[in-house]
Amino acid sequence: MYAIIDNGNKQYKVQEGDVVKFEKLNANEGESVSFKVLMVADENGIKTGAEVESAKVTGTVVKQAKDKKIIVFKYKAKKNEKKKQGHRQPYTKV
């Protein structure tokens, strides 16, 4: 059995017991969060739309952290113009 959930204009396939990394959520560690269910698939088949309005997907926030650093390097040839930046995207593990 699995479900497709929606969070921040992205869709995730989840099953019971999964640990999923989402973009940063406004919740502290240990808090419970719920998500909008788009589709549920089980042994009886696939359910969508009005059939899944009663379905619930909840999870507990395990960790709030930042990803590995990525390097953003911009360069313009023949202009002596270059710019180096680093970025660490915050995420929430649920």
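How many salt bridges does the count come to? It comes to two, a salt bridge being a side-chain nitrogen of Lys or Arg within 4 Å of a carboxyl oxygen of Asp or Glu. The model is predicted, with local features needing pLDDT of at least 70 and side-chain atom pairs counting only at pLDDT 80 or more, while totals for chains, interfaces and linings use all residues. Residues are numbered from 1 along each chain as its sequence is written, and side-chain values use heavy atoms, without hydrogens and water.

Glu 23 lies in strand β3 and Lys 10 in strand β2, so the pair ties together parts 13 residues apart in sequence; strands are DSSP runs (E, at least two residues), numbered from the N terminus.

Asp 67 forms a salt bridge with Lys 21 at 2.7 Å, N to O. Asp 67 is in the loop between β7 (63-66) and β8 (70-76) and Lys 21 in strand β3, so this contact joins parts 46 residues apart in sequence. The charged end of Lys 21 also sits over the ring of Tyr 91, 4.3 Å from its centre; this requires NZ of Lys or CZ of Arg within 6 Å of the ring centre and within 35 degrees of the ring normal.

The whole structure holds two aromatic pairs, meaning rings of Phe, Tyr and Trp (its six-membered ring) with centres within 6.5 Å, stacked under 30 degrees, edge-to-face over 60 and otherwise tilted. Ring pairs link Tyr 12, Phe 22 and Phe 35 into a cluster.

Methods:
Helix = DSSP H or I, 4+ residues; strand = E, 2+ residues; numbered from the N terminus.
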